[in-house]
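Good morning, and thank you for joining this group meeting. Please look at the sequence and the structure as I show them, and I shall then go through several places in turn.

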Amino acid sequence: MSKIQRAILSVTDKTGLVDFARKLSALGIELISTGGTAKLLRGAQIKVKDISDLTGFPEMLDGRVKTLHPKVHGGILHRREDPKHVAAVAEHGIAPIDMVVVNLYAFEKTAAKPGVVFDELIENIDIGGPSMIRSAAKNFHDVAVVTSPSDYNSIADELSRSGALSPETKWRLAQKAFATTAAYDSAIASTLERITTDSQPEPATFPATLRFNFHKKLDLRYGENPHQKAAMYSDGSNTGVANAIQLQGKELSYNNIVDLQAAWDLAQEFDEPVVAIIKHTNPCGTAIGKTLAEAYKRALECDPVSAFGGVIGVNRPIDAEAAEEMHKLFLEVIAAPAFDEAAKAKFASKKNLRLVQITDPPSPGRIRPAANETASPNWVLKYVSGGLLVQDADIRPLQDADLKVVTQRAPTPEETRALLFAWKVCKHVKSNAIVYARDGQTVGVGAGQMSRVDSAKIGAMKAQLALQGTVAASDAFFPFPDGVEEIAKAGATAIIQPGGSQRDPEVIAAADRLGLAMLFTGVRHFRH
């Protein structure tokens, strides 16, 4: 393990740098730095040498050229055990550089700024930084490359204990460094490929090459089944389910996380306090209320048997009153924007119950590519053999202009409110989907059947509350009148559906014959 005698420090993110540099200096390591980094260190009374003193050449071209020099890269890249390399650097007066501490211009942050101009994008492409990182990572046997402030403390501790860094540490740092430059180049490529020759962004579209940059958040015990391995990765946004904070409970499973996403997505559809109870990605009960406690009790009424062992998503901080009600049932996970202290105290007795706090949720189904935020649409991915499918997330809100009364009888205001509620829930039920509801409360959910009429029958069969006077939502059109007839038989008085079937006239005629009101939306919500 060779001793570190000289280090270059040149960083954009200066978090923790002063403390780290002070520790390196105390160990007798000579510090060389550039521009703003050198100024910061001198301001902290840390002795540092300018890069121009090392190279014998001034920084120039507005800082574009400062570290691109043989005395920098020769000092990094020469192999210490190779006599020819050692002789060559000695002949040219090149001093060994044993550590490179570099992080890069914040290209992604710049690209995410509203109205960012092309020239600013280009100026925020780092050249010298990635070059030094690659040089150091390639020569990891002799050089330590540090690209993340999160490594500063462990590196300083190891140097203090051992006087050097182990080969294992240098290799781990090199792996991280190559991942850093790969992600950086990917972000640049993904952004610039959307820019036209006149320097204007192209309309949002799917790129010719799809690039992603995710970091492993945690290993899971197993996947959907015990014989499958699994892990969860984060896009680094600090938002959404993958970046949630678990406040208590045993570790989350793969299936917990999938259900958690389903619960969270459904809860975000509503402005009113809402509770969504999910089982195997389908809602077994959803309701709104004046308070979360009221919403929970109404959601539970829909299917209390299926709710046992369910996953709950809400769109308000959970208070003591809601916690008191939820505490009565065995639940796997509860997801909320926050939990007040009284709620956390109430749930504390249920040691296995996972409480998950989710911040600033992305849109439902959101996948975040490695490109900048403005170039990152809401995408949903599905893997297929040999590749993957990509689509926009189903986040289109229903507009008043979308609604079309197609029957002789228009729905009453009360029916209309119930229909719009049922429509939001139906979007989150596996196709074919039929949802019975009334007054902001699901009454029966028919999910995932091969026949729409079977979904209508199952939704009615599952109902624990009276079906008479409910309304029904269908995620896609009715291919035949039999589905409408089944819904009417159950006691529903109005239906909301996309329309678009060749047999729409027959379906509408059946609704008129049965005295039902029917709305067409023109929007389909298949969920496979």
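A residue is called buried when its relative accessible area is under 20%, and exposed when that value is over 50%. Please keep in mind throughout that we are looking at a predicted model.

Let us begin with Glu486, which is found in helix 18, covering residues 482-490. Is Glu486 buried or exposed? Its relative accessible area is 16%, and because this value is under 20%, Glu486 counts as buried. Which residues does Glu486 contact, if we leave aside neighbours within four places in sequence? They are Tyr436, Val453, Ala456 and Lys457.

The next residue is Ser135, which has its place in helix 8, residues 128-138. With a relative accessible area of 8%, Ser135 is also under the 20% limit, and it is therefore buried. Not counting residues up to four places away in sequence, Ser135 touches His73, Ile76 and Leu77.

Let us stay with helix 8 and consider how it packs against helix 10, which spans residues 167-192. The axes of these two helices are 9 Å apart, and the angle between them is about 150 degrees. Since angles over 145 degrees count as roughly antiparallel, helix 8 and helix 10 are roughly antiparallel to each other. Their crossing is left-handed.

Which residues meet there? From helix 8 come Pro130, Ile133, Arg134, Ala137 and Lys138. On the side of helix 10, they meet Ala174, Ala177, Phe178, Thr181, Tyr184 and Asp185. By type, the residues of this contact divide into seven nonpolar, one polar and three charged.

Finally, I turn to the cysteines. A disulfide is a covalent bond between the sulfur atoms of two cysteines. To be counted here, the two sulfur atoms must lie within 2.5 Å. How many disulfides does this rule give? The count comes to zero.

Two cysteines illustrate the reasoning. For Cys284, the closest cysteine sulfur is in Cys302, at 7.2 Å, so the distance is too far for a bond. For Cys426, the closest cysteine sulfur is again in Cys302, at 13 Å, which is likewise too far for a bond. Cys284 is buried, with a relative accessible area of 9%. Cys426 is buried as well, at 1% relative accessibility.

Key: Residues are numbered from 1 along each chain as its sequence is written. This is a predicted model: local features need pLDDT of at least 70, side-chain atom pairs count only at pLDDT 80 or more; totals for chains, interfaces and linings use all residues. Side-chain values use heavy atoms; hydrogens and water are left out. Helices (H or I, at least four residues) and strands (E, at least two) are DSSP runs, numbered from the N terminus. Buried means under 20% relative accessible area, exposed over 50%, partly exposed in between (1.4 Å probe, protein chains only). Contact means heavy atoms within 4.5 Å. Axes are lines fitted to C-alpha atoms, for helices over the stretch in contact, and angles run from 0 to 180 degrees between N-to-C directions. Angles under 35 degrees count as roughly parallel, over 145 as roughly antiparallel, 65 to 115 as roughly perpendicular and the rest as oblique. A crossing is left-handed if the near helix is turned anticlockwise from the far one by less than a right angle, and right-handed if clockwise. Ala, Val, Leu, Ile, Met, Phe, Trp, Tyr, Cys and Pro count as nonpolar, Asp, Glu, Lys and Arg as charged, and the others, Gly among them, as polar.
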